[in-house]
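Subject: Structure handover

Hello,

Please find the structure below. My notes on it follow; read them with the model open.

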Amino acid sequence: MSKKLVEFRNVSFKYGEKEPWVLRNCSFEIYENEWVAIIGHNGSGKSTIAKLLNGLLFPQEGEIIIDGQQVNEDSIWNIRKEVGMVFQNPDNQFVGATVQDDVAFGMENRGFPREEMQQRISETLSAVRMQDYRLTEPHRLSGGQKQRVAIASVLAISPKVLILDEATAMLDPSGRKEIMDTVGRIQESNGLSLITITHDLQEVVQAERVIVMNNGEKWKEASPREIFSEKDALRKIGLDVPFVAILAEELKQAGVSLTAAPLN
Ligand code: ADP
């Protein structure tokens with residue numbers, strides 16, 4: 001049995017005393033090396049889950065455990081070493097003047113030795129296939145390339161959990177495919193737990209498990225195949241199953257490589 005890395009135990013959350021609950025009694029577990037997709041209509045609570053996982057917010061009820069540690073004010077600095085996040089807008093994630101400066105930034109903040117930093121920059125830029133852009137200024141990159149660099153910057157810290165919160169939402173179809181292919185490769189070779197948050201059912205195909213959120217509650221948790229078999233129920237909660245997602249799932253079941261599958 002693989003190790004449990006993330007646990008949400010009966011978590012409820014609201015943004016203020018007088019605000020409504022935006023998560024209600026939400027429980028799930030994520031294991032080492034697992035790829036879990038969290039999907040739901042806009043406003044269903046997905047980003048709130050991401051922020052709770054990273055200690056940007058804390059639940060009023062229930063608890064969140066990451067690699068054996070409860071997420072609270074005392075543990076957030078440890079938690080943030082273990083949980084890396086990539087957000088929606090590629091332009092909001094750059095701090096360095098060049099791609100390699102950007103990847104170095106998070107490591108500098110955490111006091112990594114210089115020699116180790118150079119090696120990690122090479123490794124992580126290779127992992128996202130951006131090694132030829134080390135000296136490029138980030139603003140010259142395409143949206144997909146920027147997100148790949150953002151992923152490299154997070155990987156450089158060696159997190160145990162990588163969360164992509166709508167990381168493809170601002171990209172064109174080729175950029176989206178670039179990112180999904182990249183994270184698929186990384187997850188296979190690095191063995192980290194991957195959580196991809198999306199409102200697009202097409203993006204859950206590669207995940208091993210899917211958590212479907214509806215109005216702040218976990219509506220269902222199952223394999224992509226089982227989820228897609230409930231097209232009508234999904235439509236009722238604002239999610240459409242695109243034909244290509246069904247096709248891609250069929251191809252995956254038939255053993256056809258998904259990186260070659262027509263996901264766009
Ligand atoms: P999703 O990521 O699924 O679109 P969110 O987690 O962003 O959903 O939002 C869930 C609910 O919380 C929505 O009703 C949203 O309006 C509300 N919400 C999100 N952020 C805030 C905030 N900072 N203050 C108050 N309400 C918020």
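For sorting residues, Ala, Val, Leu, Ile, Met, Phe, Trp, Tyr, Cys and Pro count as nonpolar, Asp, Glu, Lys and Arg as charged, and the others, Gly among them, as polar. The model is a predicted one: local features need pLDDT of at least 70, side-chain atom pairs count only at pLDDT 80 or more, and totals for chains, interfaces and linings use all residues. Residues are numbered from 1 along each chain as its sequence is written.

Overall picture

The protein chain has nine helices and ten strands. Helices (H or I, at least four residues) and strands (E, at least two) are DSSP runs, numbered from the N terminus. The radius of gyration of the protein chain is 18 Å, close to the 18 Å of the globule rule for 264 residues, so the chain is as compact as a globular protein of that length. That radius is taken over C-alpha atoms, and the rule is 2.2 Å times the number of residues to the power 0.38. The C-alpha trace spans about 50 × 45 × 35 Å along its principal axes.

An unreviewed UniProt entry lists residues 6-240 as "domain: ABC transporter". UniProt positions are in the numbering used here, feature names are shortened, and annotations may be inferred rather than shown by experiment. Within residues 6-240, 35% is helix and 26% strand, and the end C-alpha atoms lie 28 Å apart.

Two strands pair if DSSP finds at least two bridges between them. Axes here are lines fitted to C-alpha atoms, for helices over the stretch in contact, and angles run from 0 to 180 degrees between N-to-C directions.

Strand E3 (residues 35-40) and strand E8 (residues 193-198) run parallel and are joined by five bridges. Across this pair, Val-36 stands opposite Ile-195 in E8.

The four-stranded sheet

A further open sheet has four strands in the order E2-E1-E4-E5, and its pairing is antiparallel. Its edge strands are strand E2 (21-31) and strand E5 (69-70). Seven bridges join strand E1 (residues 4-14) to E2, and Glu-7 has Glu-29 in E2 as its bridge partner. H1 packs on this sheet too, touching E1, E2 and strand E4 (61-66), at about 120° to the direction of E1.

E1 is joined to E4 by five bridges; there, Val-6 has Ile-66 as its bridge partner. E4 and E5 form a hairpin with two residues between them, and Asp-67 in the turn has a positive phi of about 45°.

The ligand

Which residues surround the ligand? They are Tyr-15, Glu-19, Val-22, Gly-40, Asn-42, Gly-43, Ser-44, Gly-45, Lys-46, Ser-47 and Thr-48. A residue is near a molecule if its C-beta atom, placed from the backbone, lies within 6 Å of it. This shell divides into two nonpolar, seven polar and two charged residues. H1 supplies the largest share of the shell, three residues.

Regards

Conventions. Contact = placed C-beta atoms within 7 Å.
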